[in-house]
Amino acid sequence: MPTELDSKDKLDIGKQAIWSASSSKFGHGHELLRDNNLDTFWQSDGPQPHCVNMQFERRTAVQQLSFYNDSKLDESYTPQRISVRGGTDFHDLKELVMLEVEDLSGWTNIKLEDAPGSGKAPQVFLLQFAVLLNQQSGKDTHIRQLKIFSTKEPALIQDEQIPFEDSKFLQFTSLR
């Protein structure tokens, strides 16, 4: 039974990132990870780990990373062990999640936390998705889609009062 993409109450922040990959086969580059087509895929070409890097211009809260795989079509190209790492650059990456992926087809939704049990999304400049091991000891990997999400923050309604009540703030609430 395929797993559904969990994007409710989340903001897709993939367009805010600069994407790169450790390697790719000609015609199967990392740009296919975001084309919203489950028939296309990024294919690595080189030694493991196979990494996809997402770099942000400013520190960004990342709540969830979701990827689509199809073990029936991809067989030994299907990821088995995934690591998601975050940090400010390549030299200080910290592992956020290590995951053993079941042999199934569909979306895998990975909830990210700054520290285990904290419930807070990590604030990162760089997020790295690394495939450490493939099913059936495969060499290269296929990822059909990869999405990154942040929480949707409610916008301030224009008529809504600013919640500052301190006298230092209130002295600037009107123009003379």
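Modeller: Let's start with D6, K10 and K111, which are linked in a network of salt bridges. This is a predicted model, in which local features need pLDDT of at least 70 and side-chain atom pairs count only at pLDDT 80 or more, while totals for chains, interfaces and linings use all residues. Residues are numbered from 1 along each chain as its sequence is written, and side-chain values use heavy atoms, with hydrogens and water left out.

Biologist: What makes K111 and D6 a salt bridge?

Modeller: A salt bridge needs a side-chain nitrogen of Lys or Arg within 4 Å of a carboxyl oxygen of Asp or Glu. The closest N and O atoms of K111 and D6 are 2.5 Å apart, so the pair qualifies. The two lie 105 residues apart, with K111 in strand β8 and D6 in the segment before β1; strands are DSSP runs of E, at least two residues, and helices are runs of H or I, at least four, numbered from the N terminus.

Biologist: Why is K111 called partly exposed?

Modeller: Buried means under 20% relative accessible area and exposed means over 50%, with partly exposed in between (1.4 Å probe, protein chains only). K111 has 47%, so partly exposed is the label. D6, at 27%, counts as partly exposed too.

Biologist: And why is D74 called buried?

Modeller: Its relative accessible area is 3%, so D74 is buried. D74 is found in helix α1.

Biologist: Which residues is D74 in contact with, leaving aside neighbours within four places in sequence?

Modeller: D74 is in contact (heavy atoms within 4.5 Å) with H142 and R144.
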